[in-house]
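Visitor: I am new to this structure and would like to learn how to read its features. Could you take me through them slowly?

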Amino acid sequence: RDLHKEYRRQRQMCIRDRIQTVLGLIEPDELGITLTHEHALIDLSCYFVMPEEATERWYVDKPFTMDIRGNIGKRWSHNRDIQLLIDEKHQTEEIYKYYLAGGNSFVDTTSIGIGRDPLALARMSRATGLNIIMGASHYVPVSYPDDMDERSEQQITDQIIGDITVGVKDTGVKSGIIGEVGNFWPTNETSRKILRASAHASVETGAAILIHPGFHRDALMHHLNDLIEAGANPSRIIMGHLDTFPIEIVKQVAETGAYLEYDTFGSEESLLESESLPTDPGMTMPTDVQRMERLEQLIEWGYEDKIVIAQDICFKHWASSYGGQGYAHILESILPRMRKRGFSNENIDNILIENPKRILKFK
């Protein structure tokens, strides 16, 4: 173990202050405009729930087409096809629209359990010219491997470190961030074990951690405290999915030094009412206008250097070819509105370029 630790330490000296993409290391200034929470490919069938009602079951195996799009919102957990973004050719065309709109990079936060695909991400990066930073660690409890409860904290830590320093399995393709690390609420000991392992891996490798929190107002600080007690530096943590949380709770997160991610731009439907996603009944999905208002408030409070944004495209009906917002939504639709609202070019550059560059650098 000591030899392995020294080997990893020497490797980390080579990547410190650089960013690790699926095609290798790049300098921070090569990153450019960056969305910090997307999914180029993903399989969310872990959320599938068979409806009880006979008349709803016609929907289960129906291919997702535009004629059923209007009813998909409340049925997202009951249709298998909507949960799959697994067609590499189609998805390459989808993410290329983001490149054509001026995007340079994005973090693919597909972690273990939801179809992470290192070699396909590398091919998609070559095909589109986009820098893609791949995630590590585990997603939410419904996606855990069967033996997750039995795995030790050290085993999980070693797996994450291996994904970053050696590559995922035998692909040679390396992760550049730890996450998204998934949680439900109330949390359980296995999820907390994964949080601690992610913290240990962050300390040893210098990689940032990105959290998918449980959707409850008590969850954010609980997850952060678990990470900090395990040794993680708050300034190396991105707290994701803040869109649905009250701004006062987000401010508590900001005061720790963690990064603040508003990552569901373009989605104004509530996924939080599904039986497959445990949530606080008081949590609601905001509009894009409300998201921009919250960014304005955070900037006013002095947290501009901690804000990152994205769209979290992870369902078929959010892809542009199926009538959704698509990967270019922020660049094509939100930035013009931000400028009209009074966001300066410096504000926007900080959110889309400088802040991602800072957090994605290995420390």
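Guide: Helices (H or I, at least four residues) are DSSP runs, numbered from the N terminus, and the expected span of a helix is 1.5 Å times one less than its number of residues. This is a predicted model, in which local features need pLDDT of at least 70, side-chain atom pairs count only at pLDDT 80 or more, and totals for chains, interfaces and linings use all residues.

Visitor: What span should the 17 residues of helix α5 have?

Guide: Helix α5, residues 189-205, should span 24 Å, and its end C-alpha atoms are 24 Å apart, which agrees. Just after α5, Gly206 takes a positive phi of about 90°.

Visitor: Is Thr92 buried or exposed?

Guide: Buried means under 20% relative accessible area, exposed over 50%, and partly exposed in between, with a 1.4 Å probe and protein chains only. Thr92 has a relative accessible area of 16%, so Thr92 is buried. Thr92 lies in helix α2, residues 88-100, and, leaving aside residues up to four places away in sequence, touches Met124, Ala127 and Thr128, where contact means heavy atoms within 4.5 Å.

Visitor: At what angle do the axes of α6 and α7 cross?

Guide: Axes are lines fitted to C-alpha atoms, for helices over the stretch in contact, with angles from 0 to 180 degrees between N-to-C directions. The axes of α6 (residues 219-229) and α7 (residues 247-255) come within 9 Å and cross at roughly 15°. That makes α6 roughly parallel to α7, a term for angles under 35 degrees. Leu220, Met221 and Leu224 in α6 meet Ile249, Gln252 and Val253 in α7.

Note on methods
Residues are numbered from 1 along each chain as its sequence is written. Side-chain values use heavy atoms; hydrogens and water are left out. Helices (H or I, at least four residues) and strands (E, at least two) are DSSP runs, numbered from the N terminus. Angles under 35 degrees count as roughly parallel, over 145 as roughly antiparallel, 65 to 115 as roughly perpendicular and the rest as oblique.
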